[in-house]
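Please look through the sequence and the 3D structure below. A short briefing follows, grouped by topic.

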Amino acid sequence: MLDVLEISKAFDDVDRAVDPGTERAIERWLHREARLLDGERYQEWLETCIDADIHYWMPDMETRRRDDPRGTYAYGEAAYFDDRLNELSVRVRRYNEPSAWADNPATRHAHLISNIEVNATDDPDLFAVFSAFTNVRNRNEADQDIIHGRREDVLRRGADGFRLVRRRVFIVQNILLSKNLNTFF
Amino acid sequence: MCGTACSGGGQGRPNMKPVYPKAGSYPEFARLVDRENAQVDRRLFSDEAIYQAELQQIFARAWLFLAHESQIPNAGDFLRTSMGEDDVIVVRQRDGSVRAFLNSCPHRGNRVCMVDKGAKSRGFICNYHGWSFGIDGRLRGTDGKVYDTDTAFEKAQITLTPVAQIDSYKGLIFATFDLAAPSLADFLGPFTFYLDVMLDNDEGGTEFVGGAIRSHIDCNWKFPAENFVGDILHAFWSHQSGAKAILGGGVDLGSRYDELAFQASVYGHGFETNLDKVGNTRTLGYPELVDYVFDLSEKAEKRLGSIRARAIGAISSCTVFPNFSFLPGQNTFRVWHPRGPGKIELVVWTLVNRNAPEHIKELYRKGVMMTFSPGGIFEMDDGENWEYSTRVNQGFVTRQQPLHYGLGIDSADPDRELPGHIHKGSLNDANQRLFYTRWSEFMESDNWTDLQNGVTAPPQKNAQAAE
């Protein structure tokens with residue numbers, strides 16, 4: 001397996017620019033994905049953005065001493081998401097149920113994506129993409145949850161465009177300051 | 001500094017002996033639980049004075065869950081947790097024992113440990129003035145050596161404040177701030193019969209895997225505690241969407257188990273089960289886990305007997321009074337730390353049998369993440385219920401209205417040969433009534449003799465006393 005697809009590994013400190021057309025296309029892809037998630041179009045997101053080999057990981061962040069070799073997070077330990085296609089599909093099936101009470105009435109979402117850096121990899125069809133995000137959820141009258149973080153994505157270019165094959169999501173919170181995570185990042 | 005006004009003063013020097021608070025008696029709060037009419041006053045969920053009384057009467061006296069032994073296997077391994085709102089360090093000693101201390105420097109009070117967890121530490125150093133403490137809690141030294149030349153400085157008597165008592169039951173470490181509290185074994189009483197469903201169904205014992213997930217929920221701590229003590233009723237409605245997503249159908253207790261299902265309560269601790277073998281485990285979504293629990297259930301009959309062997313993966317839940325809960329079969333263990341009358345910090349762990357194959361442990365880790373973590377398909381729908389059950393009581397008139405805890409009033413089953421107060425059927429408010437009865441005993445009683453011999457004491461014990 002290519003290193004960029006290994007979920008436990010960070011991207012090397014890459015600086016491998018791609019041609020402006022590819023870069024623009026991937027930025028458009030990220031912004032469209034955010035728009036689908038804002039609209040709670042989860043089924044469409046699953047069917048048009050997600051690769052069959054998806055590994056989608058969002059670890060729990062622990063506060064550790066700087067000299068602790070374990071670091072802030074570790075693959076194989078507690079995570080909010082450590083999903084393959086099966087797990088993502090189960091989550092989407094719940095959203096599709098009318099009795100998903102935490103989503104009925106609907107939550108209002110804003111997925112803001114920034115700091116996008118698109119990099120080439122050793123595989124001409126795989127792209128290593130950094131981005132940062134602000135995820136805002138507001139529901140009922142005044143319940144608001146804001147989560148900031150970074151993502152490390154691998155996109156695969158195929159016949160029908162790009163698909164997400166690996167995503168690492170790192171939020172800046174230790175204790176999650178929200179009662180739930182009824183969203184994707 | 002305080003002259004002669006301080007009792008037990010140190011002859012002009014600070015008296016640094018640990019101070020363990022004394023219990024009081026709050027009969028006016030105790031009466032807010034109306035056992036006669038199966039109703040509870042909403043001030044329990046909103047009133048600041050009641051909350052402060054809870055910290056004194058309950059969280060400063062009861063045995064509270066700290067950690068699983070497996071989280072800190074080696075000398076110097078430590079983690080930070082809470083007892084009530086008190087920040088506590090739990091640390092493995094060189095002799096293998098475990099000690100716990102308030103995470104507060106005796107000098108100016110700053111935290112001496114700023115991290116969640118760590119391994120093989122030699123001690124804790126306060127960032128403020130460099131006071132340094134060993135893993136045994138004793139003051140080892142101070143920065144700058146100023147104190148070395150101060151002949152009045154009595155270093156030997158300065159330690160981090162230890163908990164009053166610490167002990168463990170089959171891997172689970174508990175502590176109390178009350179020197180007068182009965183032993184952990186007496187505090188749990190015959191409730192260990194039910195804890196063993198999860199803690200002793202296999203000869204190798206248990207461990208936590210994968211660390212902890214923490215989250216904040218803006219609810220009173222008692223709503224989730226009572227939910228796990230015996231509210232399977234909510235699952236049908238609250239968790240319909242999660243059940244459909246993972247099982248393809250709603251939550252189904254299965255009518256053929258009606259006769260088997262029961263609720264059990266001892267000293268306010270509660271366990272309810274449907275005895276359907278794998279109902280909870282099925283919701284984790286991995287067939288390999290269901291196979292594993294079927295096999296385990298058969299093998300465990302020798303250790304636990306047939307009733308408890310059927311409970312290992314069954315639709316079921318449990319709370320150890322006041323705020324430690326778990327779900328058999330789904331293997332999520334959790335504490336609802338109070339953070340004011342309207343807020344909790346929830347900490348969630350995953351328990352597995354130490355002897356389980358690695359791929360089974362990994363599936364439990366993922367299964368708990370998928371169901372009972374903040375993004376899980378079941379926990380997702382719990383938080384908002386508890387938040388609004390709490391928040392509506394800001395309404396002055398709203399909070400005058402009683403709450404109904406009357407399901408299964410006539411369902412007592414004293415003839416069933418199981419420890420504790422037994423009620424028929426799992427769809428029942430019985431355990432919740434006894435949870436709040438225990439709450440009111442803690443509010444009323446300033447001594448453990450009364451606390452251990454009240455209405456919530458196991459009836460078998462009362463029968464013995466009467467003979």
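Is Lys179(A) buried or exposed? Lys179(A) counts as buried, at 8% relative accessibility; buried means under 20% relative accessible area, exposed over 50% and partly exposed in between, with a 1.4 Å probe and protein chains only. This is a predicted model, in which local features need pLDDT of at least 70 and side-chain atom pairs count only at pLDDT 80 or more, while totals for chains, interfaces and linings use all residues. Residues are numbered from 1 along each chain as its sequence is written, chains are lettered from A and ligands numbered from 1 in the order in which they are written, and side-chain values use heavy atoms, with hydrogens and water left out.

**Where chain A and chain B touch**

- The contact (heavy atoms within 4.5 Å) takes 41 residues from chain A and 44 residues from chain B.
- About 3,600 Å² is buried between the two chains, and carbon and sulfur atoms give 51% of that area. Buried area is the accessible area (1.4 Å probe) that two parts lose on being put together, summed over both.
- Between chain B and chain A there are 28 residue pairs in polar contact, both at pLDDT 80 or more. A polar contact is a pair of N or O atoms within 3.5 Å; within protein, one must be able to donate a hydrogen and the other to accept it, and residues adjacent in sequence count only if both atoms are side-chain atoms.
- Several elements of chain B each supply at least two residues to the side that touches chain A, including strand S13 (206-217), helix H10 (358-371) and helix H11 (383-391). Helices (H or I, at least four residues) and strands (E, at least two) are DSSP runs, numbered from the N terminus.
- S13(B) gives the most to this side of chain B, with eight residues.

**Salt bridges between the chains**

- Side chains of opposite charge can pair when their charged atoms come close.
- Six salt bridges are counted between chain B and chain A; a salt bridge is a side-chain nitrogen of Lys or Arg within 4 Å of a carboxyl oxygen of Asp or Glu.
- Arg94(A) pairs with Asp381(B) in a salt bridge, with 2.8 Å between the closest N and O atoms.
- Asp82(A) and Arg365(B) form a salt bridge at 2.7 Å, N to O. This pair crosses from strand S2 (residues 79-83) of chain A to helix H10 of chain B, and both residues are buried.
- Lys179(A) meets Glu387(B) in a salt bridge at 3.3 Å, N to O. Glu387(B) lies in helix H11 of chain B and Lys179(A) in the segment after strand S6 (161-171) of chain A, so the pair joins two chains. Glu387(B) is buried, with a relative accessible area of 3%.

**Charged pairs within a chain**

- The structure holds 44 salt bridges over all chains.
- Lys222(B) and Glu54(B) form a salt bridge, their closest N and O atoms being 2.6 Å apart. The two residues are 168 residues apart, in helix H5 (residues 222-230) and helix H2 (residues 48-59) of chain B, and both are buried.
- Arg80(B), in strand S4 (residues 78-83) of chain B, is buried with a relative accessible area of 17%. The side chain of Arg80(B) makes a polar contact with the side chain of Asp87(B) at 3.0 Å.

**Nonpolar cores**

- The largest nonpolar core has 157 residues, and those with the most contacts inside it include Trp45(A), Phe185(A) and Trp439(B). A nonpolar core is a set of buried Ala, Val, Leu, Ile, Met, Phe, Trp, Tyr and Cys residues joined through side-chain atoms within 4.5 Å.
- Helix H9 (residues 287-311) of chain B gives the most to this core, with nine residues.
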